Amino acid sequence: MVNDKLLLVPGGDYFAKLRIYGWHWDKDSSVIVTREKGILKLKFDNESVIVSPLKTQIDDALIEGEVYCSTLLSNNQIGLGTINKGFFIINRQGTLISEINKRHGLKSEIINACYEDMQHGLWLA
């Protein structure tokens with residue numbers, strides 16, 4: 001949405017073939033979490049939308065671990081749950097902030113759902 005108008009993303013049919021597990025809005029951009037392509041950034045500029053990969057330190061881990069859920073945290077960081085690599089927290093620039101897996105106390109690295117509650121507690125299921 002730009003200037004209160006919905007815009008079709010140029011090449012939007014590209015997204016029809018992707019499994020999207022999160023779409024996190026900001027005032028002039030969005031972060032889209034996909035299983036096949038990792039994380040994409042959409043930049044809204046006047047009447048156009050620019051799609052580009054958001055390179056992170058965990059690109060391979062997200063694709064190999066099969067991202068399954070994501071949540072926007074209250075500090076504007078993004079939590080990413082995977083089917084077999086645990087949970088990651090990144091900032092909007094793609095920098096890894098934290099990794100939670102068996103080495104860090106999880107009983108299982110299968111994360112089917114993630115949520116931050118009103119007291120800022122992180123729930124992983």
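**Aromatic rings**

Begin by selecting Tyr-21, which is partly exposed with a relative accessible area of 22% (buried means under 20% relative accessible area, exposed over 50%, partly exposed in between, with a 1.4 Å probe and protein chains only). The model is predicted: local features need pLDDT of at least 70, and side-chain atom pairs count only at pLDDT 80 or more, while totals for chains, interfaces and linings use all residues. Residues are numbered from 1 along each chain as its sequence is written, and side-chain values use heavy atoms, without hydrogens and water.

The whole structure holds three aromatic pairs (rings of Phe, Tyr and Trp, the last by its six-membered ring, with centres within 6.5 Å; planes under 30 degrees apart are stacked, over 60 edge-to-face, the rest tilted). In one of them, Phe-15 and Trp-23 are tilted, at 6.5 Å centre to centre and 45° between the planes. Phe-15 is buried at 10%, whereas Trp-23 is partly exposed at 34%.

Tyr-21 belongs to strand β1 (residues 20-25) and Tyr-68 to strand β5 (residues 67-72), 47 residues apart. Strands are DSSP runs (E, at least two residues), numbered from the N terminus.

**The sheet**

Next, display the open sheet of four strands, ordered β5-β6-β7-β8 with antiparallel pairing (two strands pair if DSSP finds at least two bridges between them). Its edge strands are β5 and β8 (96-100). Finally, select Gly-79, which stands opposite Ile-89 in β7.
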